[in-house]
Amino acid sequence: MTTYDFAIVGAGIAGASLAAELAEGGARVLLLEAEDRPGYHSTGRSAAFWEECYGGPEIVPLTLASGEYLRDNGFLHQRGALYIGRQEDAGALDRFMERFGNTGATIERLHRETLAEKVLGLREDWTEAVWEPACADIDVAGLHAHFLARARKAGVDLECRALVDSLSRKDGHWTIKTAAGGTYKASWVVNAAGAWADSLAQLAGARPLGIGPLRRTVVQLRIDPVVPADQPLVLDISGQFYFKPEAGRLWLSPHDEIPSEPCDAAPEEIDVATAIDRFQQVVDCRIEAVERRWAGLRSFSPDRLPVYGRDPQVEGFAWFAGQGGYGIQTSPAAARLAAQLLLGAGRDAMTEKLDASLYDPARFA
């Protein structure tokens, strides 16, 4: 039986990107996916944008460090983003400018005259905004396939329908058994299990970190007039909605964060109705149809920062989890950093400015 250097559990964008980086660094890597195909859960349900301020100031360095890679490989398509508010929200928008002003994000304060030019049918009481010109759509499917292709080329073995059922460690190696009857051996188990990260940790005898899945709903609307294809991503400064054009339709979310058990998430009618009600308070248009609706789970650690690196208590167990909704847009730099930490390798141009201590699992010890 092959003994791998690393067995990564979860083949979404997190596991696929880390597998590619570790294997290209010379490691023998096994990638285990519980579903029939990689990327079924959060990766396949993303709203698909790269937004510099998303996740807070501590996430901006990961986002900016990933931007060049994503642009150079053709995964970003420029859109721009607007955080908007009413007159009473002016202070919140000013504080947003102060909070992100020194992070390296490109942001600009706007007022009603310029704002109305950017959003068709914007109602008159929305008068304040912050403009983020660098925001872009991400080709999520293409990026995920790219990481899987890199991993495959570097010799990673991918096993689907491989739900991990038990983990045991002896003589410096893990024995990993799956519900389908598979048995594998590895020196390290890496937890890239997304919403199931704490459950996997318990199988390994590690202390769960409190990584909690939160349900996020998205609906696709057909509206009249048709939203312009180049309209920016629009986000409420109070966190009540966001929407953007997508192939002649509008993708809309109520920006919900509903605590959930790890599961195959599905949208609730109340969340769909809430999204539409909030949208109609922002844009004057006619909703002709709700064409699609879906939900995904975004998993956060207690401090809402990701968790990268070796578990402080369980030998041979590592974390690459808790990446909330920004795991896709930060995946190139996050995977590179995590691989360097696990391999004991030096930093490179992509990761040299990143503070790994912010994401260390030991902060919860």
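Strands β15 (242-246) and β16 (249-253) are joined by five bridges and run antiparallel. Helices (H or I, at least four residues) and strands (E, at least two) are DSSP runs, numbered from the N terminus. Two strands count as paired if DSSP finds at least two bridges between them. This is a predicted model, in which local features need pLDDT of at least 70, side-chain atom pairs count only at pLDDT 80 or more, and totals for chains, interfaces and linings use all residues. Residues are numbered from 1 along each chain as its sequence is written, and side-chain values use heavy atoms, with hydrogens and water left out.

Stay with this hairpin. Y242 stands opposite S253 in β16. Two residues lie between the strands, and A247 takes a positive phi near 55 degrees. β16 also has a partner in β13, to which three bridges join it, again antiparallel. There, L221 has L250 of β16 as its bridge partner. β16 is mostly covered, with four of its five residues buried. Buried means under 20% relative accessible area, exposed over 50%, and partly exposed in between (1.4 Å probe, protein chains only).

Helix α7 lies against these strands. What covers its buried residues includes β13 (212-224), β15, β16, β17 (258-259) and β18 (286-300). Contact here means heavy atoms within 4.5 Å. The helix runs over residues 269-280, twelve in number, and reaches 17 Å from its first C-alpha to its last, close to the 16 Å expected. That expected span is 1.5 Å times one less than the number of residues. Which residues of α7 are buried? They are D271, V272, A275, I276 and F279. These residues sit on the same side of α7, because they cover an arc of only 135 degrees around the axis. The arc is that of the directions from the helix axis to the C-beta atoms. An α-helix has 3.6 residues a turn, so residues three or four places apart point the same way. On the other side of α7, E269 and I270 are exposed.

Now move to strand β20 (residues 317-321). How many of its residues are buried? Five of five are, so the strand is mostly covered by the cut-off of under 20% relative accessible area. Both faces are covered: F317, W319 and A321 are buried on one side, A318 and F320 on the other. β20 has partners to name. Three bridges join it to β12 (residues 183-191) in parallel, with V190 bridged to A318. Four bridges join it to β19 (residues 307-310), which runs antiparallel to it. In that pairing Y308 stands opposite F320. The hairpin of β19 and β20 has six residues between the strands, and G316 takes a positive phi near 80 degrees.

In soluble globular proteins, nonpolar side chains tend to be buried together.

Next comes L143, in helix α5 (residues 140-153). Is L143 buried or exposed? L143 is buried, with a relative accessible area of 0%. Leaving aside neighbours within four places in sequence, L143 is in contact with I13, L70, F75, I138, I328 and S331. L143 and P332 are 189 residues apart in sequence, yet 9.7 Å apart in space, C-alpha to C-alpha.

Three strands form an open sheet in the order β3-β8-β4, with antiparallel pairing. The edge strands are β3 (49-50) and β4 (76-78), each pairing on one side only. Two bridges join β3 to β8 (residues 136-138), and F49 stands opposite D137 in β8.

Last, the cysteines. How many disulfides are there? The count comes to zero, where a disulfide is a pair of cysteine sulfur atoms within 2.5 Å. C135 is buried, with a relative accessible area of 0%. C160 is buried as well, at 19%.
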